[in-house]
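Hello,

Here is the structure I promised to hand over. Please have a look through it, and then read on for what turned up.

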Amino acid sequence: MSVWWPGSGETFIARAPLTFATGAATRVKGMRWFRDPERNDIQNELDGWPEGPSYTARSSGSTAGRNTVKGAAMAVGVAVMGLLSSQSGSVGPGRSDKGSDTSHDRPDEVEDFPVMWAARGSTARTLPWQLDPSRSPQDEYRTHAIVTDQRLVIVGFPYRKGEEKHISDEFLWATPRSDIERVELRDFKLGNDAKIAFTDGSWCRVSSIKRERLTRYLIEPVDFIPLTSLTQAQRNTAEMFAAAQAPDAQPPLVKQNPCGCFRVEVVAPSTVHASFGHSGLNTVMDVNGTELGLTEYHQEDFLT
């Protein structure tokens, strides 16, 4: 097992499976495209990418639609992107733990399904091809996203069913957190998607069965409370919880939630799983350092 871990001075926060998303609406079901800001297909322009499938969107009738959406759909899509770009820090509609049959972005979810929107030289064009399930089948190779206090990192590793704990990470890509302008949750259909927009105007649409584990720490500021700033009782609870976890557990990460309680999370390299990422070992304590059960508060208070 060779799990990627940041060096000294950088804090590992979360890890979860991540791939480019896949269309779910009838017209684009099972498909995805890589676009420039004029909505042209750019997959053959991406440096170092192996050849992938060329999709054609289905029409509403019996004739197959063109794979490049023009006309009104293009105009609306550009307008929508302009609006989103003006709303820095916004989060997409709907609860993240439930899918929805209603699309809030028809140009990019129903008429077309870009998973990369990128001009030449932009950040999104540097994403690794291994994120594409059509080029890197999930039954042979897995990709995970890792969030640290400084970067968003993508790693990959060969996968064999039944050997989910045998991980040999390959570092694929990273970008500073400062290059991420916003994260928008996309709940259409399964509710596993998110759009990550970069400061240069490019973006990608990705999917994760553990979406909240990643997006929570990309949306929220990294404002963990230093252990030295806790009361002695709070610190004792946090450190005792960490000591009771895996032998390689790292120092606890403590964050105060809107409920007034404290979330204590512990990460450990040995708990990484190919299908789920990091298990997210956590507990909650009150201001007195007393460990609480989730049933004493509304669960969403801890995840906000």
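A disulfide, as counted here, is a pair of cysteine sulfur atoms within 2.5 Å. By that rule the count is one disulfide, and the bond joins C259 to C261, with 2.1 Å from S to S. In general, a disulfide is a covalent bond between the sulfur atoms of two cysteines. The link of C259 and C261 is left-handed, with -50 degrees about the S-S bond.

Before going further, a note on the source: this is a predicted model, where local features need pLDDT of at least 70 and side-chain atom pairs count only at pLDDT 80 or more, while totals for chains, interfaces and linings use all residues. Residues are numbered from 1 along each chain as its sequence is written, and side-chain values use heavy atoms, with hydrogens and water left out.

C259 is partly exposed because its relative accessible area is 23%, whereas C261 counts as buried at 2% relative accessibility. Another cysteine, C204, also counts as buried, at 2%.

Next, the strands. Helices (H or I, at least four residues) and strands (E, at least two) are DSSP runs, numbered from the N terminus. Two strands pair if DSSP finds at least two bridges between them. Strand β12 (residues 262-266) and strand β13 (residues 281-285) run antiparallel and are joined by five bridges. In that pairing, E265 stands opposite N282 in β13.

A cavity is a set of points, on a 1 Å grid over the protein atoms alone, where a 1.4 Å probe fits but cannot get out; lining residues have an atom within 4 Å of a point. Grid points are joined across faces, edges and corners, and a volume is the space filled by probe spheres set on the points. The structure holds four cavities of 30 Å³ or more.

The largest cavity has about 80 Å³ of space. It is lined by 13 residues, of which L18, I196, V206, L214 and T215 are the closest to its centre. Two elements give two or more residues to this lining, β9 (193-198) and α3 (211-219). Of these, α3 gives the most, with four residues. For classes, Ala, Val, Leu, Ile, Met, Phe, Trp, Tyr, Cys and Pro count as nonpolar, Asp, Glu, Lys and Arg as charged, and the others, Gly among them, as polar. The lining of the largest cavity has nine nonpolar, three polar and one charged residues.

A nonpolar core is a set of buried Ala, Val, Leu, Ile, Met, Phe, Trp, Tyr and Cys residues joined through side-chain atoms within 4.5 Å. The largest one has 42 residues, and F20, F34, M116, L127 and L152 touch the most other members. Apart from it lies another core of 11 residues, including F241, A242, V254 and L281.

Lastly, some loops. Most residues other than glycine have a negative phi. R39, in the loop between β3 (33-35) and α1 (71-85), has a positive phi near 65 degrees, and R39 is buried, with a relative accessible area of 1%. K189, in the loop between β8 (180-186) and β9, also has a phi near 65 degrees, but K189 is partly exposed at 34%. E111 lies in the loop between α2 (106-109) and β4 (114-117). E111 and A25 are 86 residues apart in sequence and 8.4 Å apart in space, C-alpha to C-alpha.

Best wishes

Key:
On a 1 Å grid over the protein atoms alone, a cavity is a set of points where a 1.4 Å probe fits but cannot get out, and a pocket is an open set with protein on both sides within 12 Å along at least five of seven lines; lining residues have an atom within 4 Å of a point. Buried means under 20% relative accessible area, exposed over 50%, partly exposed in between (1.4 Å probe, protein chains only).
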